[in-house]
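Let's take a friendly walk through this structure, starting with its charged side chains. Please have the model open as you read.

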Amino acid sequence: MDLQDPTKKMSKSDGSVQGTILVLDDPKATTKKIKSAVTDSETTVRHDRDTKPGVSNLIEIYAAVTGQTIAAVEREFGDGGYGTFKVAVAEAVVEYLRPVQARFQELVADRAEVERHLATGAHIAASIADPVLARATKAAGLLPPARA
């Protein structure tokens with residue numbers, strides 16, 4: 001859920017960039033977003049979607065990226081305060097995204113390889129789409145599309 005409005009889903013198209021963690025966000029930006037996430041005036045790290053949506057959201061994120069259960073997260077951070085918990089969530093999310101970001105950097109570093117993959121994908125897509133388009137064109141009584 002959105003870090004600034006935990007009653008809404010994260011969305012790139014929403015106006016709040018602070019509420020959304022992007023896969024390719026810089027680790028410092030991710031950390032800042034999580035540290036500034038909306039919580040409540042209590043300090044107990046407890047999952048309760050109705051009365052503590054912000055903290056519950058962070059618990060769910062932490063559980064998802066670490067593979068822990070919500071109950072385990074509550075036991076680990078229960079009375080430790082939000083500051084400590086937010087730092088742990090930020091570190092866990094940054095580490096979770098690190099392999100994806102590293103692989104992305106490897107791929108974009110070799111432009112020729114990216115172009116090769118795009119061409120292969122286009123060829124596969126065309127081999128699937130062309131027969132379907134031909135059947136639809138024939139069924140509609142239209143002339144086949146002109147070839148470039």
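## A salt-bridge network

Glu42 and Arg46 form a salt bridge, with their closest N and O atoms 3.6 Å apart. A salt bridge here is a side-chain nitrogen of Lys or Arg within 4 Å of a carboxyl oxygen of Asp or Glu. This is a predicted model, in which local features need pLDDT of at least 70 and side-chain atom pairs count only at pLDDT 80 or more, while totals for chains, interfaces and linings use all residues. Residues are numbered from 1 along each chain as its sequence is written, and side-chain values use heavy atoms, with hydrogens and water left out.

Glu42 also meets Lys52 in a salt bridge, at 3.1 Å from N to O. Both Glu42 and Lys52 lie in the loop between α1 and α2, so this pair ties together parts that are ten residues apart in sequence. Helices such as these are DSSP runs (H or I, at least four residues), numbered from the N terminus. Arg46 has another partner in Asp48, where the closest N and O atoms are 3.5 Å apart. Taken together, Asp40, Glu42, Arg46, Asp48 and Lys52 are linked in a network of salt bridges. Across the whole structure, a search finds ten salt bridges.

## How covered are these residues?

Which of these charged residues is buried? Lys52 is, because its relative accessible area is 1%; buried means under 20% relative accessible area, exposed over 50%, and partly exposed in between (1.4 Å probe, protein chains only). Glu42 counts as partly exposed at 39%, and Arg46 is partly exposed at 32%. Asp48 is partly exposed too, with a relative accessible area of 22%.

## Val55 in helix α2

Val55 sits in helix α2, which covers residues 53–66. With 1% relative accessibility, Val55 counts as buried. Setting aside neighbours within four places in sequence, Val55 is in contact (heavy atoms within 4.5 Å) with residues including Asp40 and Arg46, both of them members of the salt-bridge network. Val38, Thr39, Thr44, Val45, Tyr82 and Phe85 are also among the contacts of Val55. Ala72 is 17 residues from Val55 along the chain, and their C-alpha atoms are separated by 15 Å.

## A nonpolar patch

Val23, Leu24, Val100, Phe104, Leu107 and Val108 make a nonpolar surface patch of about 460 Å². Patches are made of residues with over 30% relative accessible area and no salt bridge; like charges are joined within 9 Å, and nonpolar side chains (Val, Leu, Ile, Met, Phe, Trp, Tyr) within 5 Å. Leu24, found in the segment before α1 (27–35), counts as partly exposed at 47% relative accessibility.

How values were computed: Helix = DSSP H or I, 4+ residues; strand = E, 2+ residues; numbered from the N terminus. Areas by Shrake-Rupley, 256 points an atom, 1.4 Å probe, with all protein chains shown as cover.
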